[in-house]
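Hi,

Here is the structure I promised to pass on. My notes on it follow below; have a look at the model first.

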Amino acid sequence: MKGELEKKKVRSIKVNLDKCNGCRACEIACSSYHAKPRYSSINPARSRIQVVMDPLNDEYVPIRACDYSKAGCDGRRTYTINNKEYSECSFCGTVCPTRDLFKEPDSGLPLKCDMCEDEKVPLCVQACPAGVLVYEETEEEDEVIKPTEMEIGLKSLIDKYGSQKVADTFARLSKKG
Amino acid sequence: MRYAEAGYNLEIDLSRGSIDRVESDLKLTEQHLGGQGINAKIIWDRVPPDVEPFSPDNLLIFSTGLLHGTPVVGANRTAVNTISPQTNLFAHSLMGGYFGPELKHAGYDRIIIRGKAPDLVYLWIHNDKVEIRDATHLRGKGATETAAIIKKELKEPKAQVAAIGLAGENRVYTASIEHNWSSAARGPGPVMGDKRLKAIVVRGTKDINIAKPAELFELYLRMNKEIHDSDGNGDWMAVDEDDSFHHNHFAWGNARTRRKDFWNKELEKRWYHLKYDHMDRQMGCYNCPKKCINVISYPGGKRFGYKCFGKDTYHMAAFKELDFSYEILGVAQEYGLDSYSTPQVIAFAIELYEAGILTDKDLPGFPSDSGERSFYLLEKIVRREGIGDKLANGVYWAARQIGNGAEAYDHNTTKKFEQVPIKLGKVNPPYFLMIATGEKMNITQIEGSFPQDPLPTREEREEFCSKWEAVPDEKFKQWFLNWEKRSDVTNEMSCAITDWNEAMHYVDDSVGLCGFLSSFRGQFGGGVAYHMNNIPQIISLAAGLELDKDGLWEIFQRNRNLVRAINVRRGMRRADEKPPEDHWAVRDHEMEQKLLDDYYDFKGWTKDGIPTKETLDKLGLDCVGEDLIKRGILTGHEGTPSQEIVAAKDENAKAGGC
């Protein structure tokens, strides 16, 4: 099946590690913006951007929380860049069970960066005058396959009963015909 | 709900191994704000003057500032207070970094530590879970090495660690507490070692509530950018490669020699390359866009950070160059040594050796090169080995313990503490007052708001004043406009300038703001972010305390007089209030003593420098006055010096005169 081409606005944040001075203003701004009521409390542990940092190793990597993963990956490699050791996790925004990053400190539920939807530019970028975080907006053309009505119906049946059961049922019903 | 504060103190007794979470009193916040202010109150209340610094009853307090954990830019300096073994007075100590904010997020405004652990321990605070843990495996380990080991063993890369090195463990008086590239000096290091507390480790994930969220956040975004872009804030010395200021004007060796022509362009170029070839980064502290700390990786040594005059002290004490400081700073950092006082102890010992007061018997195998000598002495001091056991007590005590004429070589201490090595010509009145009467022990912790020098032309002065938002009173502008010669300062000006300079430090140290955005920096350019005119509003937005300039000024006076009362109760008097004899070549005893009288008058202190009962009562410190009367330090009827003169005249008139 051929999909339709659709223009999508992609919002992202470019990170310039060398400029980071470790102030963690991004964490402060993010946690403040997402507090309820807005700005009413500060807690870097709730921030959806975190500076993975180890000053003694001169490591400063601001990363944003992205998707949740039920399982940890096998990414336990370490890289040496400019004589500094980085774990692969230092650059990964996935919320996974193998580390504490990006979990609500009270509930343990995953946090996810929403690029501060109401704001033109995400708050972490606004709070970073050093220019470590740079907001970027690009337009991308994406091939989108729009599902038909029947597909949507079938998908929900599969979600509910599992594909095998749906297939069996379909086969049985087809034979009767 | 408490705003800006956690509302709880952590009380640790290392002798008994007890840990208590105690609700803090909001009234204390209203009266003292936090940080060093509340610490002084706790030490006044709980450490009577007969408690020796190395007694289990001495307290060691790590306190957040009132604004830590709020979005207020640059609120990150942790106040560490105790009674110092070197001065036997209230120890003033601060460190930047991340420790205070992390502690507040863990749910505590301060940690109050008493007692002594039976063996080396560390404290692990993770929100409500607090443990005293064995640290015997960390004995003798370096300060940042300790931090790395603990974070690994707890699997807590985000924990913040404040640790002592070997110097603190051995109760070296110039030992510091190290936290990343920041350190707390001037007293608490040896006390932490005495309590056998190797480190405090904190991880906090709790919310801090803000009183007026939207307004404060808007202000935060604006100030964050302004401070980042401003030349009037932060440590310009971190990026200005011309450091002729310190090298040509400060004294080298044992605070003796000025080398007015030391600096030159060839040297500057060489040092520039030395620095940038080995620099990893210029970094800041929690929630501050400035980059005051140079982080250096020097071959063969541990990575270290330095700021301000800290990069010069070791090589100037040893008549060396920057490469020598780069060799020794990483070592000294791991041992946990203050880079202001330690090099002076070293230079003092070298001078004693050259004078024949210390001999090869005291210093077996003493090398001939001053750099090698510095390393030799450093090792002796941190281990308290041989003569190092005396030198480890700082210049004042070492001079007296060595004897044999060594006392004469202790020429740069005030109140038993090493002063910044500055030797100048004619006495500078406000500086006389600041060095004489300051109780923060280092001029950098006292000076800072009123410019050090006049500007050459009236136009320049007018231009300066037109942008000078920080002045608490218009009179300072008038004075500055008409000020032409450095030493040309009236007593009235000197008193008010000293008072304003002090006020800003006392405010910073209670709310946790950094002096480079506030109390220290205004003297250079006047364009500081924080001052008496905007801090009250910022405190109101963050903490919900209704405060105006007068209210803030009163809190400063309360905290100031409380620190003085602690020290007076421990024996400090007018006789102790004197800068080093040779700080200026030309002195004027009569003028200086009159100035001191005028300042005591201004402050509401007696002729002996003790706050009068009236002064204390006005600040709501009635109980402090009563205590001083009970101890026979005050009668309660004393006035300030000028009140005494008037009273004596009245008395004479009544008696018919003579």
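To start with one pair: A:Ile42 stands opposite B:Ile208 in E14(B). That belongs to an antiparallel pairing of E2(A) with strand E14 (residues 208-209) of chain B, made over two bridges. Strands count as paired if DSSP finds at least two bridges between them. Helices (H or I, at least four residues) and strands (E, at least two) are DSSP runs, numbered from the N terminus.

Some housekeeping. This is a predicted model, where local features need pLDDT of at least 70 and side-chain atom pairs count only at pLDDT 80 or more, while totals for chains, interfaces and linings use all residues. Residues are numbered from 1 along each chain as its sequence is written, with chains lettered from A and ligands numbered from 1 in the order in which they are written.

**Where the chains meet**

Chain A puts 24 residues into the contact and chain B puts in 35 residues; two residues are in contact if their C-beta atoms, placed from the backbone, lie within 7 Å. On the chain A side, the elements giving two or more residues are helix H1 (25-33) and strand E2 (41-42). H1(A) gives the most, with three residues. Sorted by class, that side has 13 nonpolar, seven polar and four charged residues. Here Ala, Val, Leu, Ile, Met, Phe, Trp, Tyr, Cys and Pro count as nonpolar, Asp, Glu, Lys and Arg as charged, and the others, Gly among them, as polar.

**Chain A**

You'll find four helices and seven strands in chain A, in the order β-α-β-β-β-β-β-α-β-α-α from the N terminus on. Its C-alpha trace spans about 70 × 35 × 35 Å along the principal axes. The radius of gyration is 22 Å, whereas a compact globule of 177 residues would come out near 16 Å (taken over C-alpha atoms; the globule rule is 2.2 Å times the number of residues to the power 0.38).

Two local spots are worth a look. A cis peptide bond, with omega about -10°, joins A:Lys36 and A:Pro37, and A:Pro37 lies in the loop between H1 and E2. Further on, strand E5 (residues 78-81) and strand E6 (residues 84-87) of chain A run antiparallel, joined by four bridges. In that hairpin, which has two residues between the strands, A:Asn82 takes a positive phi near 50°.

**Chain B**

There is an open sheet of three strands here, ordered E17-E18-E19 with antiparallel pairing. Strand E17 (279-283) and strand E19 (304-306) are at the edges with a single partner strand each, so one side of each has no neighbour in the sheet. Strand E18 (residues 293-296) pairs with E19(B) over three bridges, and B:Asn294 stands opposite B:Tyr306.

Two non-glycine residues have positive phi. B:Lys155, with phi near 55°, is exposed, with 9 other C-beta atoms within 10 Å. B:Met441, at about 75°, is buried, with 29 other C-beta atoms within 10 Å. Buried means 20 or more such atoms within 10 Å, exposed 12 or fewer, and partly exposed in between, with C-beta atoms placed from the backbone.

**The core**

Among the 205 residues of the largest nonpolar core, those touching the most other members include A:Cys26 and B:Tyr122. Such a core is a set of buried Ala, Val, Leu, Ile, Met, Phe, Trp, Tyr and Cys residues joined through C-beta atoms within 7 Å. Helix H19 (residues 491-511) of chain B supplies the largest share, 10 residues.

Cheers
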